[in-house]
Amino acid sequence: MRMYGQDPWGGPLEINTADSATDDDRSRNLNELDRAALSRPLDEMQQSWLLGPGEQKKKTAFIVGIITVIVKNVPRHHKRPPPPDNYTIALHKTLMFFNAQKSGKLPRHNNVSWRGNSCLNDGKSDKSGVVLKDLVGGYYDAGDSIKFHFPKAFAMTMLSWSVIEYSAKYEAAGELNHVKDIIKWGTDYFLKTFNSTSDTITQLVAQVGSGDTSSSADPNDHSCWMRPEDIDYQRPVAVCSSCSDLAAEMAAALASASIVFKDNKVYSKKLVHGAETLWKFARNQHGSYTAGGVDAATFYNSRMYWDEFVWGGAWLYYATGDQSYLYLASHPTLAKHAGAFWGGPDYGVLSWDNKLTGAQVLLTRLRLFLSPGYPYE
C-alpha cells in the first residue's frame, strides 16, 4: 500500500543557489522600472540623446566600423579554464579506484590503462565441476581478487545515496555519468547472484574466490600475488541459504540504485523487483551469512542482521512508496534489536557492518520532506 501519491523520496538535500522565484521578482521589478521611465516626459537633454532616423544610420555605421577595426586589431587572449579544485580531483581519484577494481570483461572507456579482462569463468563451475551460473563481473575487494558481496553491496548503496542527494554536484564536477556507470556495474553483477527474475529464492551467492590461508593445497586469492588478468584456475563460489544480513544489504543496494536510474523505467523496475525478492528471502530465512565459520567471517564478519532490516526496509520504502516497508523499518522492536536504544562501542559509527546510523539519518527525510504525522513523527 502506498502511503503518498507523491515521490516518497521527497527531493534532494542540495541547496541550489539559483532561486527562480527571486529571478522572476527581479525581472518583474526591472519591467516596472522601464515602464515608469517611459511614462515620464523627456527633458531637453534626454531628447538630445535620441538619434533621428538619418543620423541613427550614419552614426550606427560609423560606430560599427570602429568596433570592427578594434576587434580585428586587439590581440586575442584565450582565457584558460580554471584548474579543478582539490575536491573535484579527490572525487575523480576516488571513483577511479572502482574502475581499477572491476572484474570481468572491461568496457573500452575504463580509465585504468593497466587493467584488462579478468576472471571470465567465474561461476561457471566450482571445484567439483558442478555448473552454477555466470558470475562474471562485479568488483574485487581490495588488493586481492576475492569478490565479497556484503561490503560491496554497502559500497553501491552509499554511492547511490550520494548521487541521489548530490547529483548536481557530481554533474558540475563532470563525474555524474561516471559514478552512475560504476553503480550499474555493481548492480548488474548483483542481479546475477540470485534468480532475479523469480519472486522467491532459496539461495544467494555470497562470495567468489578463496581467502582461506590455512591450506596450501588450493590457489588462494588473498595471498596470491598473481594479477587477476592471469588467473586461470577455477575459483570457488560460496552460496548461502540463510543470510538475512547479506540479502537485506543487497536489497538496499538495488532499491537505492532504482532511484538513481528512475529515468530508465525498465531497468529501475528490474532493480526494484530484485530488491523485493531479496527482501522476502531475508525476512523468511533469518540467519547471518558468516555463520558456521565460513571464509568471509575472517574478513567481513557480520555481527547481526537487524540493522540491515532497518536499512533495507527504509530504502525499499523510498524506492516503492510501500508503507509496509516503512512500518517495519520504523518499528520499535526492530530498532531495539538493532541497538538503537542501548548504544555500545560502535553506536553512531556507520560502516559496512553497522548501518543503524545511516538508517536513522535516512528516516529523518520523512520529517524533512513529507511530514507524515503519527506514528512516524
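Contact, as the word is used here, means heavy atoms within 4.5 Å. The model is a predicted one, in which local features need pLDDT of at least 70 and side-chain atom pairs count only at pLDDT 80 or more, whereas totals for chains, interfaces and linings use all residues. Residues are numbered from 1 along each chain as its sequence is written, and side-chain values use heavy atoms, with hydrogens and water left out.

**Overall make-up**

The secondary structure comes to 13 helices and 3 strands, where helices (H or I, at least four residues) and strands (E, at least two) are DSSP runs numbered from the N terminus. Of the 377 residues of the protein, 43% count as buried, a term that stands for under 20% relative accessible area, with exposed meaning over 50% and partly exposed in between (1.4 Å probe, protein chains only). Among contacts with a separation of 6 or more, 74% are accounted for by residues 24 or more positions apart.

**The sheet**

The strands S1, S2 and S3 form an open sheet of 3 strands in the order S1-S2-S3, with antiparallel pairing; two strands pair if DSSP finds at least two bridges between them. S1 and S3 stand at the edges, each with a single partner strand, so one side of each has no neighbour in the sheet. S1 (residues 147-148) is joined to S2 over 2 bridges, while 4 bridges join S2 to S3 (residues 237-240). The table lists some of the residues that stand opposite each other.

| Residue | Opposite residue |
|---|---|
| Lys-147 | Val-208 in S2 |
| Leu-204 | Cys-240 in S3 |

For S2 (residues 204-208), 5 of the 5 residues are buried, so this strand is largely enclosed by the rest of the structure. Helix H7 (residues 244-260) lies across S2 and S3 and runs at about 95° to S2.

**Helices**

Two packed helices are described by the angle between their axes and the distance between the axes. Helix H4 (residues 86-100) and helix H5 (residues 149-172) pack at an angle of about 145°, with their axes 14 Å apart; axes are lines fitted to C-alpha atoms, for helices over the stretch in contact, and angles run from 0 to 180 degrees between N-to-C directions. Leu-91, Leu-95 and Phe-98 of H4 make the contact with Ala-155, Met-156, Leu-159 and Tyr-170 of H5.

In helix H12 (residues 356-363), the buried residues are Leu-356, Gly-358, Ala-359, Leu-362 and Leu-363. Seen down the axis of H12, these buried residues fall within an arc of 160°, so they line one face of the helix; the arc is that of the directions from the helix axis to the C-beta atoms.

**Two single residues**

Met-96 lies in helix H4 and is partly exposed, with a relative accessible area of 29%. Not counting residues up to four places away in sequence, Met-96 touches Asn-111, Val-112 and His-178. The C-alpha atoms of Met-96 and Val-179 are separated by 9.5 Å, although these residues are 83 residues apart along the chain.

Ser-145 is found in the loop between H4 and S1, and at 7% relative accessibility Ser-145 counts as buried. Leaving aside neighbours within four places in sequence, Ser-145 is in contact with Tyr-140, Val-208, Asp-221, Pro-228, Ile-231 and Arg-235. One of these, Val-208, is also the residue of S2 that stands opposite Lys-147.
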